[in-house]
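Thanks for coming. I have one structure to go through, so let me put it up and start.

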Amino acid sequence: MPAKPTNLRVSSSAERLQIIVIWNTPQVTVSGITDTSTLNYYISYKNLENRATSQVQRSTERAVLNLKANTMYEIKVKSCKVFNTRVAGSWSDSLTIKTNESGKSCSHNH
C-alpha cells in the first residue's frame, strides 16, 4: 500500500473562489519499501458548516478546488495505485482553510 501524501498545502488562489492545493508524493510504501509505482490521488474537501463532502481524483500532485466564500473547509488527500484504486493508502494530515468574502484563503495544518 502506498504511504500517505505529505506536506499538503495551498499553492495559490487561482481566482476568486478557486484554490490550488499541492502535496508531496509518498516515496515509500506503508511498510517502508521504496515505491516507484504510478499513483492517482483522491482529494476530499469538506464544507465544515453544512458537512457536505466532495471528492475529486487526479493523476498529478495538485488539484484546483472551487469553494464557497466565507466558509471553512477541511482538505485531505490519499494516494491509490493506478492499476487498482482499491489499493489505497491512508489520508494525509488534514488542512483546514477559511475562504473570506473576497475569496482569498488562509490556511493552517492540523
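Lys4 is partly exposed, with a relative accessible area of 36%. By that I mean between the two limits: buried is under 20% relative accessible area and exposed is over 50%, with a 1.4 Å probe and protein chains only. This is a predicted model, so local features need pLDDT of at least 70 and side-chain atom pairs count only at pLDDT 80 or more, while totals for chains, interfaces and linings use all residues. Residues are numbered from 1 along each chain as its sequence is written, and side-chain values use heavy atoms, with hydrogens and water left out.

What does Lys4 meet in a salt bridge? Its side chain meets that of Asp93, at 2.9 Å, N to O. The term requires a side-chain nitrogen of Lys or Arg within 4 Å of a carboxyl oxygen of Asp or Glu. The pair links distant parts of the chain, 89 residues apart: Lys4 is in the segment before strand E1 (6-15), and Asp93 is in the loop between E6 and E7. Strands here are DSSP runs of E with at least two residues, numbered from the N terminus. Asp93 is also partly exposed, at 47% relative accessible area. The structure holds one salt bridge, and this is the pair.

The largest nonpolar core has 17 residues, and Val21, Trp23, Ile43, Leu65 and Ile75 have the most contacts inside it. Such a core is a set of buried Ala, Val, Leu, Ile, Met, Phe, Trp, Tyr and Cys residues joined through side-chain atoms within 4.5 Å. E3 gives the most to this core, with four residues.

Strand E3 deserves a slide of its own. Eight of its nine residues are buried, so E3 is largely enclosed by the rest of the structure. Nine bridges join E3 to E6, running antiparallel; strands count as paired if DSSP finds at least two bridges between them. In that pairing, Asn47 stands opposite Tyr73 in E6. On E4 (residues 53-58), six bridges join to E3, again antiparallel, and Tyr42 stands opposite Gln57. E3 and E4 form a hairpin with five residues between them, and Arg51 in the turn has a positive phi of about 65°.

Last, Thr71, in the loop between E5 and E6. Buried or exposed? At 4% relative accessibility, Thr71 counts as buried. A polar atom of its side chain lies 2.8 Å from the backbone oxygen of Ala69. Beyond its neighbours within four places in sequence, Thr71 is in contact (heavy atoms within 4.5 Å) with residues including Asn47, Glu49 and Ile97.

Notes. Polar contact = N/O pair within 3.5 Å; in protein donor to acceptor, adjacent residues only side chain to side chain.
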